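Please examine the sequence and the three-dimensional structure shown here. The briefing below is intended for a reader who is new to them.

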Amino acid sequence: MRHPNVGGVLRTTAVALILALAVACGEDSAPAPERSATEHNAADVTFASEMLQHHAQALSMVDLTLDRPLDPEVQEIAEQVRAAQAPEIQTFSEWLTDWDEPIPETMRDHSNAGHDMEHMGESMEGLDTSMPGMMSADEMTALEEAPEGEFQAMWLDMMLEHHRGAVEMAQAETEDGQYEPAVELAEDVIDTQSAEIEAMEALLPS
C-alpha cells in the first residue's frame, strides 16, 4: 500500500524539476538586445566586417561571369547580385569607419592592387575563409578555369552555397545586433538572397 503522502511528494518534486528547467532555459537564452538608431554592439561589428568580405567574394564570382556564355536567367541573377551587394559593401565600410573599427581587406582589394596575380584564388592569400558559405582559394581558381560547358552549373552551385552562408550570417545579426540600420539591412539580405536561392535552385540541372 502506498503511503498517503507519496503522491504529494511526487507532485512537489515534479513541480520543482519543471521550475528548475525553466530557470536553466532562461539562463541559457540571453534576451535580445534593445535596438538603437545610434548605438551598436559587437554583433553589429562582426556582421559588417564579415559580410563586407563575404559580399566582396560574391562580386568576384560575378566578375567571372563576364564573357562567359550564360542563360539569360543566370545572367540576370549575376546582375542582381552586383546591383545589391556593391552598395552594401559601401554601407558596411561607412559603418565601420564611423565606429572606429578597421575595414578588413578583401580579395577584391588584392586583385585590384596590381599584384600581377595569375589566378583569382591567389587574391585570397592570407584572407579569412571561415565565414559560412565562403569559397576557398582552390574553389575560386577551379571556377575561373572551368570549361564553358561546366562553368554555369558550377557557378550556380557555388553561389547557392555562398548565399546560404550569407543568410545564416544575417540571421545571427537579426538575433544579436543592436544597431537598427544593420538589423534592417540583415533582414533585407535574408529576403533578397532567399529569393535568389529559390531562383538558382530552379535553374540547376536536375
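The points that follow concern helix residues, loop residues and a charged surface patch.

This is a predicted model, in which local features need pLDDT of at least 70 and side-chain atom pairs count only at pLDDT 80 or more, while totals for chains, interfaces and linings use all residues. Residues are numbered from 1 along each chain as its sequence is written, and side-chain values use heavy atoms, with hydrogens and water left out.

**Residues of helix H2**

- Ser49 belongs to helix H2, which covers residues 42–63; helices are DSSP runs (H or I, at least four residues) numbered from the N terminus.
- Ser49 has a relative accessible area of 18% and is therefore buried, a term that means under 20%, whereas exposed means over 50% and partly exposed lies in between (1.4 Å probe, protein chains only).
- Apart from residues up to four places away in sequence, Ser49 touches Leu96 and Pro104; contact means heavy atoms within 4.5 Å.
- A distance of 9.5 Å separates the C-alpha atoms of Ser49 and Ile89, which are 40 residues apart along the chain.
- Gln57 is also located in helix H2, and it counts as buried because its relative accessibility is 1%.
- When neighbours within four places in sequence are left aside, the contacts of Gln57 are Met107, Met124, Gly133, Met134, Met135, Met140 and His162.

**Loop residues with positive phi**

- Most residues other than glycine have a negative phi.
- Asp67, although not a glycine, has a positive phi of about 65 degrees.
- Asp67 sits in the loop between H2 and helix H3 (72–98), and its relative accessible area of 80% makes it exposed.
- Asp100 likewise is a residue other than glycine with a positive phi, near 55 degrees.
- Asp100 is placed in the loop between H3 and helix H4 (107–111), and with a relative accessible area of 72% it is exposed.

**A negative surface patch**

- Glu180, Glu184, Glu187, Asp188 and Asp191 form a negative surface patch.
- Patches are made of residues with over 30% relative accessible area and no salt bridge, with like charges joined within 9 Å; a salt bridge is a side-chain nitrogen of Lys or Arg within 4 Å of a carboxyl oxygen of Asp or Glu.
- Asp and Glu count as negative.
- Glu187, one of the residues in this patch, is found in helix H7, residues 180–203.
- Glu187 counts as partly exposed because its relative accessibility is 39%.

Definitions and conventions
Patch = residues over 30% accessible without salt bridge, like charges linked within 9 Å, V, L, I, M, F, W, Y side chains within 5 Å. Areas by Shrake-Rupley, 256 points an atom, 1.4 Å probe, with all protein chains shown as cover. Charge placed at Lys NZ, Arg CZ, Asp CG, Glu CD. Helix = DSSP H or I, 4+ residues; strand = E, 2+ residues; numbered from the N terminus.
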